[in-house]
Amino acid sequence: MLWTRRFGDEDFTRVDIDKTKPREARETGDAESRAGEACKWSEITRKGSQDGPIWLSCLSGDGIEIGEKVLFSSKELMTETRLVRLERKPVADSEVRPPKRLFDPGFWLKPFRDYPDRPADRVDFEARMTGMHSDLRILRHYPWQSEERRGKDGSVRFTVWNDLENQGINLIYSKREYSLQAFRSPLDPAQPFNQLDAERGQADLKRRDNHLGESCAWFNMTPDSADAGRMECLTPDGVPLKVDAWAWGGDGEIYTAAELKRRPVDLKEMLPPRELIEPSAWGFTVED
């Protein structure tokens, strides 16, 4: 499934692609009519959903999703999608071929402007880190940063983002999930929220540590987050020597730097692996 977003006359500002195995669902027994279309509600089974959000989908008799809801565990509404109009008609292949640039990292990562000189705690670096279940590679060239996590089970999670804009790419490849998200829009000063959920703050935990002959201080990088957490032990120039990360409904991992290089980093080094962003990997034929 692929969907995109534009604002006014702007070019694409967002793309989301999901390629997943069919999820189990159970009918709730509820039915309703939306925009003149009857549908039946089903609850979608998701990993870790026992104490988390409840996902509901409403399908027409011929299998068209015409409604979607996400509820808090308390059954209060979190988000809802409602049908406005539905037209059943033949659809040509050309109508569902996405533009080629949606799979071009250069389109999504093109700088909006010249950025200020980097702060003293944002030095360029490459770090290779090891964990129990996966390895992590981090690159930074202010205001850009990329992370590539490769699991021992063959899974890959790649993220590259811009600290100063709502801009970046997030890729997940595993036996359970295959998804791509890309964003491209200036960060709104009135709502400074990065869609890729990079760092949300930096709270000093008042703990010190040593690794690879260097000292570092522990910081909570997501002090306002309730569904994910990340702590990093940072050197005075902002290089992580250790990372402790966890996510709601998922497994946590503690990474320790095995190799660290302070060196100039080019943005071209921070692009996602080509094999993960090729249109053919998603089953698409694209339009130029």
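His211 counts as buried in this predicted model because its relative accessibility is 19%, where buried denotes under 20% relative accessible area, exposed over 50%, and partly exposed the range in between (1.4 Å probe, protein chains only). Apart from residues up to four places away in sequence, His211 touches Leu241, Lys242, Thr256 and Ala257, a contact being heavy atoms within 4.5 Å. The model is predicted, with local features requiring pLDDT of at least 70 and side-chain atom pairs counting only at pLDDT 80 or more, whereas totals for chains, interfaces and linings use all residues. Residues are numbered from 1 along each chain as its sequence is written, and side-chain values use heavy atoms, with hydrogens and water left out.

His211 belongs to strand β14 (residues 203-211); strands (E, at least two residues) and helices (H or I, at least four) are DSSP runs numbered from the N terminus. Strand β14 is joined by six bridges to the antiparallel strand β15 (residues 214-220), pairing being assigned if DSSP finds at least two bridges between two strands. Within this pair, Arg208 lies opposite Ala217 of β15. The two strands form a hairpin with two residues between them, and Leu212 in the turn has a positive phi of about 55°.

An open sheet is built from five strands in the order β3-β4-β5-β6-β7, with antiparallel pairing. Strands β3 (25-34) and β7 (77-82) stand at its edges with a single partner strand each, so one side of each has no neighbour in the sheet. Strand β6 (residues 65-71) pairs with β7 in the antiparallel sense over five bridges, and Val70 stands opposite Thr79 in β7.
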